[in-house]
Amino acid sequence: MSDSNLFSEFPEVSAKAWKQHIQYNLQGEDYNEKMVWESPEGIKVKPFYTSDDLKNKPNYQVATNKEWAIAQTIYAGNATLANEKALDVLKRGTESIIFIVPSNEIKIEHLLKNIYLEHTKIYFELQFLSLEYIHKILNFATPHKNSIYLNIDIIGNLAKTGNWYFNLKQDQNTLHKILKLHTTVFSIDTTLYQNAGANITQQLAYALAHANEYLNILDKSEVALNKEHCFTFKVAIGSNYFFEIAKLRALRLLWNSLASEYSAKLTCTIIAVPTKRNKTLYDYNTNMLRTTTECMAAVLGNADVISNMPYDSIFHKDNEFGERIARNQLILLKEEASFIKNSNAANGSYYITSISHEIAEKSLALFKSVEANGGFLKQLKEHSIQKKIKESALKEQDLFDKGEKIVVGTNKYINEQDKVKNNLEIFPFVKTKVRKTLLEPIIEKRLAEVIEQNRLEDE
């Protein structure tokens, strides 16, 4: 029997009829109070969605068999050791490498030795700004420079540390010079906002405003805007599964809209990583469950690159076991769960498509407000961005403290016998270091930190 014949056997039921049936079964209780809940972003989620919810809205679909890459993030404090790890993990299922480079003393010829750049994309996160070092990277990578993503984020550094690398003028001048050398230069690290407690609307609005500052820089530079210029968005994926899928889809919609304002078909790459905000010291194996669903949301949300977080990374130094488990989670999703063939599984979902558009609309409204008040940098310098994120973080923390936002093993279903004090290899809490800054930095903080500190004192 064909699909058309199958569905012709059933009468069409309108949204109005569904709602009436629900109200009848509620036996007089209020429909909105019992069946509709509101997200932290102010989105009212209904108990069901139909095609009526998508009328007059653009249709966003993920392509069938959309490719996504398994990445591993490697701290390159030692070029030789980082290179050895990269070569090893590339043999074990990793497809792209994200190098965190702390110093311009790291020799690029040692770091990229024997890595086949024609088959492997390399994403750099330089913790410094150096035109000379960029020259070294690009000269070594010739003729495969298209595999190199520089991921420079001078504004992200300002937001995170409170200071420019040098100063506004010097940082921008260096950026202008780098733009003449390469097309995949810009990065917008939105993980800072999510890990600091921003809600989804804020994350996307600030990401857009953040990116708009770079578009203004590029527009004013001597480099012509063209489709070869690729912006990289690094996004942290939280625990609200369907909303996180919608978040990434909304980001694509918003980026396409913003790029079109500059009359340029600029592309963007989305690197997705699990959030740190809901990760825990106690009952730490539950972190594996959290990262699995977060990586699944990243796939269905249309991320291009996914780098998983080892379940023990908040309290253990880099170790082979934790990294292998994190990598294998992605391999299982891709190969065993067939997410390489079914990465478009959320297509056609009225619910996900509807909230994608609602998130995009609310984020766009907030973005316009930021721009109307002087733009992202001005709002950052006036501490307006920091204030709004803090307000959102406090609301989420309050829900967690009251037990209304549940983190299993920490504020619900607690194992009182669980001990971790002797297992800590790195400091897992917010580090406070008093120093002079140009502006107040945005601080990342996990929800469970206060509870965990109290439990550690009691061990």
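This is a predicted model: local features need pLDDT of at least 70, side-chain atom pairs count only at pLDDT 80 or more; totals for chains, interfaces and linings use all residues.
Which residue is the bridge partner of Ala-71 in E4?

1. To start with the question: in E4, Ala-71 has Ser-96 as its bridge partner. The two strands concerned, E3 and E4 (residues 96-101), run parallel and are joined by 5 bridges.

2. Ala-71 also has a partner in E10, namely Ser-307. That pairing of E3 with E10 (residues 305-307) is parallel too, with 3 bridges.

3. Strand E3 spans residues 69-75 and is mostly covered, with 5 of its 7 residues buried. Together with helix H4 (residues 79-90) and E4, strand E3 forms a right-handed β-α-β unit.

4. Now for strand E8, residues 230-237, where 8 of 8 residues are buried. In a regular strand, side chains alternate between the two faces of the sheet. In E8, Cys-230, Thr-232, Lys-234 and Ala-236 point one way, while Phe-231, Phe-233, Val-235 and Ile-237 point the other way. Do check Lys-234 in your viewer, as this lysine is among the buried residues.

5. Lys-234 is also the bridge partner of Asp-189. The strands here are E7 (residues 187-189) and E8, which pair in the parallel sense over 3 bridges.

6. E8 pairs with E9 (residues 267-274) as well, in the parallel sense and over 8 bridges. Within this pairing, Ile-237 stands opposite Pro-274 of E9.

Notes. Residues are numbered from 1 along each chain as its sequence is written. Side-chain values use heavy atoms; hydrogens and water are left out. Buried means under 20% relative accessible area, exposed over 50%, partly exposed in between (1.4 Å probe, protein chains only). Helices (H or I, at least four residues) and strands (E, at least two) are DSSP runs, numbered from the N terminus. Two strands pair if DSSP finds at least two bridges between them. A crossover is right-handed if, with the strands pointing away from the viewer, the path from the first strand over the helix to the second runs clockwise.
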